[in-house]
Amino acid sequence: MTDDEIILDFVHRLERLSIPYMIVGSFASSVWGRPRATHDTDIVLVAEGPTARSLREVLDPDYYVPERGFEDAIRRRGMVNVIHQKPVWKIDLIFRSDEPFQRTQFDRRLALPFKGATLFVASPEDTILAKLDWSRRGESERQFRDALGIYEVQRGSLDLAYLAHWAASLGVVDLLKQLESQAV
């Protein structure tokens with residue numbers, strides 16, 4: 001299977017269980033900005049209790065899902081690494097929290113055509129904000145470059161008021177200003 005086929009397979013399994021999801025991270029930044037190679041896929045989903053546990057069963061045997069890590073991620077609405085086994089491909093599965101930005105980001109996800117299917121992807125503004133937030137946390141310079149690429153490609157269509165509002169809320173106003181000043 002190719003990376004794209006793994007993403008489609010995983011999403012199909014989510015859809016079989018009617019689990020709402022949103023693809024974020026480098027996949028989303030490649031959709032809205034400048035494509036770059038990645039070694040994983042980040043997916044936010046809304047699932048609790050029995051539905052979330054059913055997902056673990058639906059992924060077996062093609063995906064390795066650590067039982068303890070999966071249960072912990074459900075309980076704390078956090079992240080767990082799920083591994084497609086052949087070929088090896090990592091999916092960072094994030095159980096959406098009730099934090100205002102995560103809820104708003106999820107509500108604003110966009111349905112996009114992809115390889116004959118439809119994928120739900122974080123909006124360009126929300127991807128910029130999430131990347132700036134990761135950059136603020138010191139995750140890597142790559143996060144800022146991804147946000148800059150989206151800003152430069154999508155500049156004419158971005159909701160700047162939305163960006164300013166959530167940048168203040170997330171504490172990334174300085175990074176948004178830096179991004180705006182560096183954009184070409």
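Ser18 is exposed, with a relative accessible area of 63%; exposed means over 50%, buried under 20% and partly exposed in between, using a 1.4 Å probe and protein chains only. This is a predicted model, in which local features need pLDDT of at least 70, side-chain atom pairs count only at pLDDT 80 or more, and totals for chains, interfaces and linings use all residues. Residues are numbered from 1 along each chain as its sequence is written, and side-chain values use heavy atoms, with hydrogens and water left out.

**Positive phi**

- Ser18 is not a glycine, yet its phi is near 55 degrees.
- Ser18 sits in the loop between helix 1 (3-16) and strand 1 (21-24); helices (H or I, at least four residues) and strands (E, at least two) are DSSP runs, numbered from the N terminus.
- Arg77, also not a glycine, has a positive phi of about 55 degrees.
- Arg77 lies in the loop between helix 4 (67-76) and strand 4.
- Arg77 is partly exposed, at 25% relative accessible area.

**Cis peptide bonds**

- Asp60 and Pro61 are joined by a cis peptide bond, with omega about 5 degrees.
- Pro61 belongs to the loop between helix 3 (49-59) and strand 3 (63-64).
- Lys86 to Pro87 is also a cis peptide bond, with omega near -5 degrees.
- Pro87 belongs to the loop between strand 4 (79-85) and strand 5 (88-95).

**Thr127**

- Thr127 is part of helix 6 (residues 124-136).
- Thr127 is buried, with a relative accessible area of 3%.
- A polar atom of the Thr127 side chain lies 2.8 Å from the backbone oxygen of Ser123.
- Not counting residues up to four places away in sequence, Thr127 touches Gly25, Ala28, Ser29, Trp32, Ala122 and Ile150; contact means heavy atoms within 4.5 Å.

Definitions and conventions
Polar contact = N/O pair within 3.5 Å; in protein donor to acceptor, adjacent residues only side chain to side chain.
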